[in-house]
Amino acid sequence: MKLTPIQVSTGWTSGRNVSRMFDFLWLSGTVMVARRDGLQKVWDLAQRCLPEWTPREKLNGREVVRRAAPRSLRALGVATPRQIEQHFIRGRYPNLARVLAELEKEKWVARVQIAQGGHVWKGDWYIHADDIPLLEKLSDGDGEPRTTLLSPFDNLICDRARTRLLFDFDYAMEIYTPKPKRKYGYYVLPILHGDQFVGRMDLAMERARSVLQVNAVYAERDAPKTRQAVRAIADAVERLAGFLGAGEIAYSRRLPRGWESLPR
């Protein structure tokens with residue numbers, strides 16, 4: 001009898017054969033996460049989880065890109081082909097240039113120019129046709145800016161190069177960075193104020209005490225220090241606390257100059 005040794009994966013997949021198997025089954029649409037017990041995923045067959053009205057048509061590769069590209073562009077607002085590729089079905093846009101040409105001819109998307117200080121940005125930039133009226137409203141100053149805290153996984157900051165280009169804001173999630181090497185903290189939320197990133201907060205939810213702990217607050221170099229801006233940031237923290245069910249917000253003393261009135 002010939003015995004065949006068991007093949008054990010090595011490297012970053014070592015000890016993860018089962019999770020990798022579920023990844024492949026999930027990508028094929030065979031299984032999906034039915035619920036979570038704490039941090040634990042509970043898997044089930046997709047056919048037992050999805051309602052009857054769920055679309056079940058099978059799409060070829062070209063049709064997938066034709067549907068995904070406009071959805072990605074609608075979420076991004078304005079984007080280059082490279083940025084579209086980094087969104088939604090990330091890295092899976094074969095023949096995107098050809099598809100964008102088709103969508104442009106069919107008037108689903110349109111090309112735009114971005115100019116700053118009299119300088120036109122390089123590259124091909126696209127906008128979804130349905131967003132053109134919104135762009136015109138914003139050009140007329142008819143917008144409704146708001147202040148909010150973004151998750152480290154928010155789509156607005158997932159493409160780090162794009163965030164630097166559009167907002168001059170460099171964000172890197174430090175969850176996997178060794179503590180001594182972290183610059184800002186473990187779970188840091190960027191602060192979006194209107195169309196500007198004005199800072200970031202290192203937060204922790206202490207569920208046992210029902211306290212949202214603000215470990216540190218950092219302001220960007222050109223962040224506004226007006227009473228209205230600080231109040232808007234404080235309101236955003238209070239909304240987050242309400243969403244998390246926190247009964248108290250505890251600020252540390254690590255507050256930027258001009259933002260000392262955050263704890264209200």
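Okay, quick one to start: is Asp 124 buried, partly exposed or exposed? Its relative accessibility is 41%, so Asp 124 counts as partly exposed. Keep in mind that we're looking at a predicted model.

So what does Asp 124 do with its side chain? It meets the side chain of Arg 111 in a salt bridge, 3.1 Å from N to O. Asp 124 sits in the loop between β6 and β7, while Arg 111 is in strand β4, so the pair ties together parts that are 13 residues apart in sequence. Arg 111 is partly exposed too, at 45%.

Now, those strands. There's an open sheet of 3 strands, in the order β3-β7-β4, with antiparallel pairing. The edges are β3 and β4, and each of them pairs on one side only. If you're new to this: strands of a sheet pair through backbone hydrogen bonds. Here, β3 and β7 share 2 bridges, and Val 78 has Ile 127 in β7 as its bridge partner.

Next, the helices. Helix α3 lies across β3, β4 and β7, at about 95° to β7. Helix α5 lies across β4 and β7, at about 100° to β4.

Asp 130 forms a salt bridge with Arg 74, with the closest N and O atoms 3.8 Å apart. Asp 130 is in the loop between β7 and α6, and Arg 74 is in helix α3, so this pair ties together parts 56 residues apart in sequence.

Leu 27 counts as exposed because its relative accessibility is 56%.

Technical notes. Residues numbered from 1 in each chain as written. Predicted model: local features only at pLDDT ≥ 70, side-chain atom pairs only at ≥ 80, totals over all residues. Heavy atoms only, no water. Pairing = 2+ DSSP bridges. Helix = DSSP H or I, 4+ residues; strand = E, 2+ residues; numbered from the N terminus. Contact = heavy atoms within 4.5 Å. Axes fitted to C-alpha atoms, helices over the stretch in contact; angles between N-to-C directions. Buried < 20%, exposed > 50% of the residue type's maximum accessible area, 1.4 Å probe, protein only. Salt bridge = Lys/Arg side-chain N within 4 Å of Asp/Glu carboxyl O.
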